[in-house]
Amino acid sequence: MDLLANVIVTTSIYALVAVGLTTIYGVLRVLHIAHAGVYAIGGFAALLAYRSSGGFWLSLLAAMLASAVAGLAIYYGLYRPLLDSPRSVPLLASIGAFIAIEALLQRPFLLGPSPESLPAESGIPAPRLGELAFTSIQATIILLTVLAVVGVYLLIRRTRLGLAWRAITQDRLMAASSGVNLDTAIAANFLIGSALAGAAAMLWAVYTNTVQAIAGGVISYKAFVIVVLGGLGSVPGAALASLVLATVEVLATRYIGTLLPRDAIAFLVLIAVLMLRPEGLIGRRSA
Amino acid sequence: MRGSARLLTILAAALLVVAGCGGGATPAPTSPPAKATEASKPAAASPAAGSPVASPAAAASPAAKPDASPATASPVASPAAAAPPAAKPATGEPITVGFFSPTTGPMAADGLNARNGAELAADRVNLSGGVNGRPLRLAIYDDAGDPAQAANLARRLVQEDRALAVVSGAYSPPTTAAAPIFQQASIPLLSAYAVSPRITAAGEFVFRAGPAAAIEGAAAAIFTKENLPNSPKRVSIVAADLDPTIQLAEAFKAQAPKEGLEVVSEDKFALQENDFRPLLGRVRSANSDVVYSPAFFANAANILTQAKELGITTPFVFASSADSYKVFELARDNAAEGAYLVTDYDRSNRPVVQAFIADFKARFGNDPDIVAAGSYDAVLATAEAMRRASSLEGRAIREAIAQLKNLEDLVTGPVEEVSAERDFVRALALQVGRNGQWTSFATVPWSRITR
């Protein structure tokens, strides 16, 4: 039963990172590699806030805020000037930004090269549903993720901002000429997606008691796998793909053992899905 | 399907890049073998060097005398662990010794500690007369944990810095990549703590100060059988999926039957893994008496914390790769109390060790771990060999290293001699986590391990 809790928590973290990534891909058609850097910045901000306040929620807020600011800075500083260049240009810029952020965070005057511990307590009681027991942090992660994913989904389906995103996703120029304020809509997208990545960074850091400058790499390449699996741009698809990947990973680690390292499984799943359903689990055929 | 083929190509490329960054070999393209050559100040400028440590063994030792030759060296040959009161700081033309460690990338924490250890040692050497009056100058490079960068910097050390000898404060893969280059140039290389057998296989110019994987893994099996409570029989192995840690696991497995141990399960995890809960569930169902885990310190802290959370009470034995105070810092709820660690860095009450810990802490602000201690010792041993060498030519230094004997004052434990396989012969230690630090628990002599 530990396993089920494990699967749900892993799913949650993957979903938080992937949802931001997939909506950003939707509006901008950029593979936002620097999302990994945004994630790492969130962890760093959480650590600073935790060290000065000791509070869980304040640290979470700091992580979301710092990541949101970092995401916005990347949009305005990097992607916006490159909006009309071929899509490989912002991709390269994004890779560069990620590497720079990671290297900077490793400097001793920032986060430094060592992993640091983040033993924050959310105060949410550890629930038990019959056989299924969750620790406090597991419950916190699951709760926050459900709120966030449902929130983003409603935002997209029910608000003018969501309508604008959908319009931009279909055709950016057409949307602009129909009176959608591109800049505001895309910036809002970065703001929200990055804040979610910051939240994920903080929550995973507490769950594993590890804050690291290089934390963004592994989790965000898995998020890319998820984004593709779920159908590029689809929020429910990303959530479902997070569940699929987390389940495969956790069960394979538990029962098959490490024939393959856990992280390689993500790519196996990706290859399998690309061969069988190149449009992703939920994506529509032909874009 | 407009443009989807192109998109997938770009995506695949992007994933490769990110995967490359995320995986073991990290980029640090921002720092091409960043040359940070730095003359270790011969003067008493550094705070640690400013406080000569009273070490009875060292004070009585004649090692700092320039004329101590390998053949006639006294049984207690101390490689300048502390400056005898009379010794003068070295002046004269500096002698260049190369040093490299991963100060960027995923191993950067270890790399910085290793470099700090080496610098502390160089200052020690220089305060106590240097090498026959000439100061040691470290030419320091960053290998970023990347074998390709290590090979590049090795060529630079040979061609540009004209290093007379080199100390590796790096892990096995970079050291393995650099070793043949020094071998070919007839420049002695002393690897501080890397365990891979492939390192010394490069040839007669390549030495190892720490234990090889075969030795350390075998010692772990011996300790497990002889020193752990309740005489365990069933062992689970959980290893980080990296060359040195896998080698340790293999060595443990090879020794286990000789000690009457049965390896009942064997698992690997990625270096950067930090959620071990599914893997620990698997270990629990193997129903073993003890877990041997060659892992890195962050892995060890996570494993211990999460095992405690899952209510697993099986004792864990870690390898020298996890030998760091950071295990206690990162583990929650005192989960590292009672964990075991096999290492050559025995934190005993030997005065040299206590002095080294105090000096290191005063200068760098943290406890020295195995990589710091190992690099410190490797620099001291190299300097000692240079003092004893008939000349400062590569082959003469090589011979002097091969003939080193009875280095009593190395902080990673006294070295009896250098074996035919060019490994330093020494006892290994079992440490246990107590009151937030690694403390001495047991030792096993080299002769017992190689029996």
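Which side chains meet in a salt bridge with an N to O distance of 2.6 Å? The side chains of A:D183 and A:R80 do.

## Basis of the report

The model is predicted, with local features requiring pLDDT of at least 70 and side-chain atom pairs counted only at pLDDT 80 or more, while totals for chains, interfaces and linings use all residues; side-chain values rest on heavy atoms, leaving out hydrogens and water. Residues are numbered from 1 along each chain as its sequence is written, and chains are lettered from A and ligands numbered from 1 in the order in which they are written.

## Chain A overall

Chain A contains eleven helices and two strands. Helices (H or I, at least four residues) and strands (E, at least two) are DSSP runs, numbered from the N terminus. Along the sequence of chain A the order is α-α-α-α-β-β-α-α-α-α-α-α-α.

Of the 287 residues in chain A, 58% count as buried. Buried means under 20% relative accessible area, exposed over 50%, and partly exposed in between (1.4 Å probe, protein chains only). The accessible surface of chain A is about 11300 Å², and 69% of this belongs to carbon and sulfur atoms. Accessible areas come from the Shrake-Rupley method with a 1.4 Å probe; for residues, only the protein chains shown count as cover. Among contacts in chain A with a separation of 6 or more, 76% are between residues 24 or more positions apart, a contact being heavy atoms within 4.5 Å.

## Salt bridges within a chain

Side chains of opposite charge can pair when their charged atoms come close. Over all chains the structure holds 26 salt bridges, each defined as a side-chain nitrogen of Lys or Arg within 4 Å of a carboxyl oxygen of Asp or Glu. The pair of A:D183 and A:R80 is one of these, at 2.6 Å from N to O. The pair links distant parts of the chain: A:D183 is in helix 8 (residues 182–208) of chain A, and A:R80 is in the loop between helix 3 (56–79) and helix 4 (88–105), 103 residues apart. A:D183 has a relative accessible area of 23% and is therefore partly exposed; A:R80, at 37%, is also partly exposed.

In chain B, B:R277 forms a salt bridge with B:E309, and the closest N and O atoms are 3.0 Å apart. B:R277 belongs to helix 9 and B:E309 to helix 10 (residues 297–309) of chain B; the two are 32 residues apart and link distant parts of the chain. B:R277 counts as buried because its relative accessibility is 4%, whereas B:E309 is partly exposed at 35%.

## Links between chains

A:E121 forms a salt bridge with B:R332, with the closest N and O atoms 2.6 Å apart. This pair crosses between chains, from the loop between helix 4 and strand 1 (128–129) of chain A, where A:E121 lies, to the loop between helix 11 (326–330) and strand 10 of chain B, where B:R332 lies. A:E121 is exposed, with a relative accessible area of 55%, while B:R332 is buried at 16%.

## Aromatic pairs

A search of the whole structure gives 16 aromatic pairs over all chains. Rings of Phe, Tyr and Trp (its six-membered ring) pair if their centres lie within 6.5 Å; planes under 30 degrees apart count as stacked, over 60 as edge-to-face and the rest as tilted. The rings of B:Y345 and B:F356 are edge-to-face because their planes stand at 75°, with centres 6.4 Å apart. B:Y345 is in the loop between strand 10 (340–343) and helix 12 (351–364) of chain B, and B:F356 is in helix 12, eleven residues apart.

B:Y345 counts as buried at 0% relative accessibility, and B:F356 is buried with a relative accessible area of 0%. B:Y345 and B:F356 form one aromatic cluster with B:F360, B:F364 and B:Y376.

## A buried valine in chain B

B:V283 is located in helix 9 (residues 277–286) of chain B. B:V283 counts as buried, at 4% relative accessibility. Leaving aside neighbours within four places in sequence, B:V283 is in contact with B:S236, B:V238, B:S288 and B:V291. The C-alpha atoms of B:V283 and B:V238 are separated by 8.2 Å, and the two residues are 45 residues apart along the chain.
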